[in-house]
Structure formats: C-alpha cells, structure tokens
Amino acid sequence: MLLEEHHFTALQRASPRLLSLSLASRSEDLRWIGGTSSKGPNDNRQFGRDLLRGLADPHGRVGRRVAGCESMWRGLWTLVSRAARGPHSPRLCTRQGSGYPAPGSGATIFALSSGQGRCGIAVIRTSGPASGHALRSLTAPRDLPPARKACLRLLSDPRSGEPLDRALVLWFPGPQSFTGEDCAEFHVHGGPAVVSGVLQALGSVPGLRPAEAGEFTRRAFAHGKLSLTEVEGLADLIHAETEAQRRQALRQLDGELGDLCRGWAETLTKALAHVEAYIDFSEDDNLEEGVLDQADSEVRKLEVALGVHLRDARRGQRLRSGAHVVVAGPPNAGKSSLVNLLSRKPVSIVSPEPGTTRDVLETPVDLAGFPVLLSDTAGLREGVGPVEQEGVRRAQKRLEQADLILAVLDASDLASPASCNFLDTVVIPAGAGNPSGNSQRLLLVLNKSDLLPAGCSDPHPDLPSHLLLSCLTGEGLDGLLEALKKELAALCGDPSTGPLLTRSRHQHHLQGCLDALGQYKQARDLALAAEALRVARGHLSRLTGGGGTEEILDIIFRDFCVGK
C-alpha cells in the first residue's frame, strides 16, 4: 500500500470530516496545521495534492517544495485525536515558549503576592486551569467578571458559605496574562485574619495548591512571556535598593539585553547561512561573489561588540551587588566619623583615643543613587598590641580588594609620621588624581578642615588632588558626594547608556561566544567554521533562555519570593 493510501485510510477510519479538512475545505484549519496561508479552495486542494505527493516521494522535487511534510502530518494526527474529543479552537500565544515546562504546570497555584503583615490592601492571585473555578467558588453565585476589569464581590468560604471579605476581583484569561495561563486576583483588606481566611478557602478548592518561590515567574518564562534575561531583570527590580539599580533593572526587564543578544544571534545566523551556502553551492555559477568575505566581515564586527561589553562586565555586576568602598587612613584621622556621616547612622564608635577601630566594620549604603558596601578599617600604623596588629593586617587586605579607596587624613596634622607614611605607602602608589589610568581608584579627603586657620582655602597645594571636609560641621560634604557620584558612575556604569552585564552567567556565555568566533577565524575547513558559528549562536541562545539546564533555572528562580 502506498504511503498516501495508508494515511487516507487511517484518516477515513478516524473522522471522514477530518479528511475533508486535510484537503483544505477549511483553510483556517489547514493554516493551523501547516503554518501556511491560502487564497482560495483551488489553492488549498493543490496544496493537499502536493502534500500527499511529497509524502510519497519525500526526497523528490515536490517533497522539497512542500517543506516540513512530516511535521504537518503530526499536526493532522493531533487534529484526529482532538476531533475524537469534540470541537477545539486553539489559542495562540503571542510569544514563542522557552521549551521548559513549568514545574507542576498542570496544577493551579495560589499565593499572597503582596508583603506580609498588616496593610491596607493585600493581593492574592492564582494561575492555572482551575483559576476560573476558584474565582466562581469564592464569589458564588456570581459569574466571572469581565476580563481585566476590577469588580467588587463578596468573598465566601466555599465549604461553609461564611463571608470572608468584600474585595476587588480581577479575571485574566490566558494567554493574555502574566503567566500565559488563566489567572485571578483577589484584592482583599490586608488584615492577617482576612488574608489567612482567603488562603484557606483557596486551599479547599479542588485542583489548587500553594505556589513555590518564583513559580509564577517561572510559568511566565515557560510560556514565552519573559525571556531569561527579562526574568533576571524582574528579580533585580524586586531587590533594587538604589536609583541606579532600579533604572538598570527596568531596562533589562524591558528586554534591552535580550534584544541585543537576539540581534547578535541574527548576525551569526546570516553568517552561517553564507558559509553553508558556499559549502553547498560553491560550484554553482549562480552563487554571488564574496559570500565568505561578507561572513568574515560580520564576524569581525560582532567580535568588536562582544569585546566592548566583556570589558565592561564588572561594572554591571558592581551595580547589581554594590561597589566596595574602603575608608582608610592613619589613626584618629576621622575615618569612623566619615563612615557615620555617609551612612547616616552610628555604625562605628567615635573616640578621640587613637586605635578605637580594631576590626573591619561594613555597612551597605546608598551613595548618590549607587549601591555601596562601605568599610571602616583600623588606623594604619605599627600596632601597639597583637589585636591592633591584626586589625591593621585586615585593613591592608581590604585595601587590596577595594573598588574605591576613601583615603582620610587629618588636615591639621599632615606632618605627623603616620600621615606621611600613609601618603607614601597608600595614596601615591594608588595614583590619586589619576582615575583614568590602570591604577586603583582613590579619593583623598582632608578631614577636620574646621581646625584650619580662618580664610585658608587650601593650605596644602603640593598634595595630590584632594577634597576638604569637616565631619563635625558637614562643610565640604556636598563636594565629596559629587566626587563620589562621578567615581561610582565610572565603576558601576550608567544604565542609561545601554544594557549592562549584571551577572557572571552573562559574562560566561558572551565569552564562550567570543571564543567560538576565534575558532571560526582559525578553522581551515569550512565545515568546522560553520560548526564554530553554531556553537557561538548557541551561547547567545542560552543567555536569553533558549537552552541550558534545569539546575541553572532553579538557581535563578529560587531568588524570587513566594507569590512572584
């Protein structure tokens, strides 16, 4: 029996109506099966005949013209099974899925999405196929509200009928929802008893279970609503504590980094197409000249772009986790006073006795909109005891790890041996006043300017570039904050200038892509060159979530709170 006869017989046994659909009497079904469009019945019938001939001769000319015959027949068999269950009208998602199933994707989840504790309004939401049933169960006998429109409803316990609260409810039918599934939201009063009662009522509805951490966002990723870089941007936005972090997270959530990577992947796809065209048709007279040169040119431009972003990789990571700023100087120069002034709280003990700080004290601070881990260290001098010596050793180690050093000296005591030694061993080697070089960034601050003679604007012009400050009166603080803002902007990057690499995962995949492009340039065989381009494109795909492992996804989504 010929292949087409076998399929016709099977289709007739399954559903005579479906056989007519396969011959395109209904063009909309045919478009859904094969992903094609047609203008009229004759075109559809011709397509059906070409499809059957292509299956009979998949390697012939007709088989090449009718692309993807086997996948189309798989669509036909899916339609057969659905026809046995009754009419079906598939809903198409606007974005392509990630390929990763959401954990427990068949279940309906619910969680409190707003913060814990007493509040004016608490938001509880559900996601999954039973969301509509859950909404009806708590608002019976009312029907579902109009999609995406807030309605005031009385919530009742579905078991006892006891009223729980009068709340706003919203209905988001999939796929036009955050997760791509049917979703419902309950905006209830934020008292703990109300929230607990609504959560218990949802837990009693069949098919519902409490959500795991990050499960709503993971379902949005699995249904193609968010790319992996957008998921990371959402997590960063939730955890953002400074203005710069918020701006960067919003830009990543808007898809800037993902769009950039997809543009790079498209460039690699074109280059790969040129190389494979040369492999397949190099002996054909119709092949345009300079195909390989064009691929080489595209690869060179991409290498330059990747190199620029990789050189700035640490800036984005500092913006996300915070720059390390170390306050250092000789004893009794006012380091602890400066730390308390910048952090606006009493972090360190302030005393006129030298050597008060013996250990490294660290506190997170928002400085001029940038996240900073501010470290107060022991005064650098020859310790008078083993404890102070250990404090000095730890201070020197922190100086080596610092992104920025705030070097503090007593403006009224610059001639002391401790101040001179600090200038010679820390300030001058670090290259104060030369932030554009390869040296460590450093700001020299002369504290206790209130002790200088009146009318003396700058008594030490021979010193490296410095700032005058009085921690006692606050004079000079605005100038210091402005200087810190410039230094931190150079360290952390400016989110408004373009997407930044905020995670080591981003840097890993871009470096892998760049390495693969290096192998492409060194390949002497065109087949190896094409494979190198495929590897490079795979790294870009995994960066946005098109590939990877479940372990990586688990690490990313576990940072989300329950309800998000």
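The model is a predicted one, and its protein chain averages a pLDDT of 76. An open sheet of six strands is one feature to look for, and a hairpin formed by β3 and β4 is another.

- In the protein chain, 72% of the residues score a pLDDT of at least 70.
- Confidence is highest in strand β4, at 96, and lowest in helix α2 (residues 16–22), where the mean is 33.
- Residues 1–95 keep a pLDDT under 50, although the model has 96 contacts beyond four places in sequence for them.
- Where pLDDT is low, the predicted coordinates should not be read in detail.

**The β3–β4 hairpin**

- Strands β3 (residues 151–156) and β4 (residues 163–172) run antiparallel and are joined by six bridges.
- Six residues lie between the two strands of this hairpin, and G161 in the turn has a positive phi of about 80°.

**The six-stranded sheet**

- Reading across this open sheet, the strand order is β8-β9-β7-β10-β11-β12, and the pairing is mixed.
- Strands β8 (361–367) and β12 (466–468) are at the edges with a single partner strand each, so one side of each has no neighbour in the sheet.
- On average, neighbouring strands here are turned by 25° against each other, direction ignored.
- Within the sheet, β7 (residues 323–328) and β10 (residues 404–410) run parallel, with four bridges joining them.
- V327 has L406 in β10 as its bridge partner.
- In a regular strand, side chains alternate between the two faces of the sheet.

**Helices lying across the sheet**

- Helix α15 (residues 335–343) lies across β7, β8, β9 (370–376) and β10, and runs at about 155° to β9.
- Helix α17 (residues 417–430) lies across β7, β10 and β11 (441–447), and runs at about 155° to β10.

- You will find T229 in helix α10 (residues 228–239).
- With a relative accessible area of 0%, T229 counts as buried, because the cut-off for buried is under 20%.
- Setting aside neighbours within four places in sequence, T229 is in contact with Q252, L257, G258, R505, H506, L543 and T544.

Notes. Residues are numbered from 1 along each chain as its sequence is written. Side-chain values use heavy atoms; hydrogens and water are left out. Two strands pair if DSSP finds at least two bridges between them. Buried means under 20% relative accessible area, exposed over 50%, partly exposed in between (1.4 Å probe, protein chains only). Contact means heavy atoms within 4.5 Å. Axes are lines fitted to C-alpha atoms, for helices over the stretch in contact, and angles run from 0 to 180 degrees between N-to-C directions. pLDDT is the predictor's confidence in each residue, from 0 to 100.
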